[in-house]
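Subject: Structure for your review

Dear colleague,

I am passing on the structure that we discussed, together with some notes on what came out of going through it. Please read the notes with the model open beside you.

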Amino acid sequence: MRVCSIASGSSGNCIYIGDKDTNILIDAGISRKRIAEGLSAIGVRPQELDGIFITHEHSDHIQGVSMMVKMFDTPVYATGATLDFIRNKDKKGIISMKHLYEVHPDECIRLKNMDIMPFSISHDAADPVCYTVSASGHKAGVATDLGIYDDYIASHLAGSDILMLEANHDISMLEAGRYPYNLKCRILGSKGHLSNEDSGRLLCRLLSKRLKYVFLAHLSKENNYPGLAYQAVKCQIWEELGINELPFQMSVAKRDVPSALVNLD
């Protein structure tokens with residue numbers, strides 16, 4: 001299994017997951033050009049994509065969908081409410097019904113030799129989901145735009161070899177920052193985003209011998225720093241579990257450039 005964050009953050013999100021037979025994207029919230037360049041950097045042609053799996057309809061997750069469909073005829077998978085939004089936004093009629101495939105939370109999609117499992121999340125969108133992907137004996141879990149996490153979400157992510165986990169904001173930076181009060185409440189609420197500390201708490205629940213790599217993802221440009229997110233999550237693990245040296249690799253997914261490719265044999 002191979003995983004690469006092509007872009008991550010409030011300005012656009014796109015994750016590549018693949019193996020020798022199957023290639024997918026989780027979200028396409030950046031331009032077609034940037035997606036193609038990110039794929040090229042890891043040796044994947046956009047024409048080789050078997051599908052784009054959308055988490056929800058916010059622009060930082062669907063911006064590049066229509067052009068990916070137009071240029072590469074890529075199938076799009078999402079919940080029914082998310083697909084409705086994508087079609088209604090497609091004023092030029094680029095996306096036809098033949099490109100759209102509805103997914104349902106907790107119902108696995110088999111794509112070649114890859115199993116993709118959608119699961120419901122709490123976020124202020126029509127019918128948002130995140131995904132786990134299993135292939136070649138490995139499992140990757142993607143969990144961003146989480147207002148909250150619970151036993152249900154943790155159970156879906158359990159046993160992952162690779163995690164893409166939201167660490168959106170530092171609470172003190174957000175509270176003291178320039179965002180209007182209602183936006184601060186949205187971010188901190190049950191349909192908003194996970195803080196660095198909450199990301200660390202969730203990671204403590206998911207720690208297992210299988211876990212090999214963690215991406216901290218969807219960082220706020222205004223209310224977080226990569227180094228702060230990294231240290232806050234690491235500190236949370238130390239406080240809860242007494243672990244100082246992380247038993248897995250961890251990095252922060254970058255906003256504007258692809259991450260290093262994680263390859264599990």
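The buried residues of helix α1 are covered by elements that include the strands β1 (2–7), β2 (14–18) and β3, together with helix α3 (65–72). Please bear in mind throughout that this is a predicted model. The residues in question are I35, A36, G38 and L39, which are buried in α1, a helix that runs over residues 32–41. These four lie on the same side of α1, because the arc that they cover around the axis is only 165 degrees. On the other side of the helix, K33, S40 and A41 are exposed. Just after α1 comes G43, whose phi is positive at about 80 degrees.

In what order do the strands of the open sheet run? The sheet has 7 strands, with mixed pairing, in the order β6-β5-β4-β3-β2-β1-β14. Its edges are formed by β6 (100–102) and β14 (262–263), and since each has a single partner strand, one side of each is left without a neighbour in the sheet. Strands of a sheet pair through backbone hydrogen bonds, in either a parallel or an antiparallel sense. Within this sheet, β3 (residues 23–26) pairs with β4 in the parallel sense, over 3 bridges, and L25 has I52 in β4 as its bridge partner.

A pair of aromatic rings is described by the distance between the centres and the angle between the planes. The search of the whole structure gives 4 aromatic pairs. One of them is the pair of F53 and Y77, which is stacked, with 4.4 Å from centre to centre and 10 degrees between the planes. This pair links distant parts of the chain, since F53 belongs to strand β4 (residues 51–53) and Y77 to strand β5 (residues 76–78), 24 residues apart. Are these two residues buried or exposed? F53 counts as buried because its relative accessibility is 0%, and Y77 also counts as buried, at 9% relative accessibility. F53 makes a further pair with Y131, and here the centres are 5.5 Å apart and the planes stand at 75 degrees, so the pair is edge-to-face. This second pair again links distant parts of the chain, from F53 in β4 to Y131 in strand β9 (residues 129–135), 78 residues apart. Y131 is buried as well, with a relative accessible area of 0%. Taken together, ring pairs link F53, Y77, Y101 and Y131 into a cluster.

Two residues deserve a look for their backbone angles. Most residues other than glycine have a negative phi. K112, however, has a positive phi near 55 degrees although it is a residue other than glycine, and it is found in the loop between β7 (109–111) and β8 (114–120). D145, which is not a glycine either, has a positive phi of about 55 degrees, and its place is the loop between β10 (138–143) and α5 (151–157). Which of the two is buried, and which is exposed? K112 is exposed, with a relative accessible area of 52%, whereas D145 is buried, with a relative accessible area of 2%.

Apart from its neighbours within four places in sequence, K254 is in contact with A7 and S8. The C-alpha atoms of K254 and L216 are separated by 9.1 Å, and these residues are 38 residues apart along the chain.

As for the chain as a whole, it contains 9 helices and 14 strands. Its radius of gyration is 17 Å, which agrees with the value near 18 Å that a compact globule of 265 residues would have. The C-alpha atoms fill a box of roughly 50 × 45 × 30 Å along the principal axes. Of the 265 residues, 55% are buried, and of the contacts with a separation of 6 or more, 66% are between residues 24 or more positions apart. The chain exposes about 11400 Å², of which carbon and sulfur atoms supply 50%.

Conventions: Residues numbered from 1 in each chain as written. Predicted model: local features only at pLDDT ≥ 70, side-chain atom pairs only at ≥ 80, totals over all residues. Heavy atoms only, no water. Phe/Tyr/Trp six-rings, centres within 6.5 Å; stacked < 30°, edge-to-face > 60°. Helix = DSSP H or I, 4+ residues; strand = E, 2+ residues; numbered from the N terminus. Buried < 20%, exposed > 50% of the residue type's maximum accessible area, 1.4 Å probe, protein only. Pairing = 2+ DSSP bridges. Arc of directions from axis to C-beta. Contact = heavy atoms within 4.5 Å. Rg over C-alpha atoms; globule rule 2.2 N^0.38 Å. Areas by Shrake-Rupley, 256 points an atom, 1.4 Å probe, with all protein chains shown as cover.
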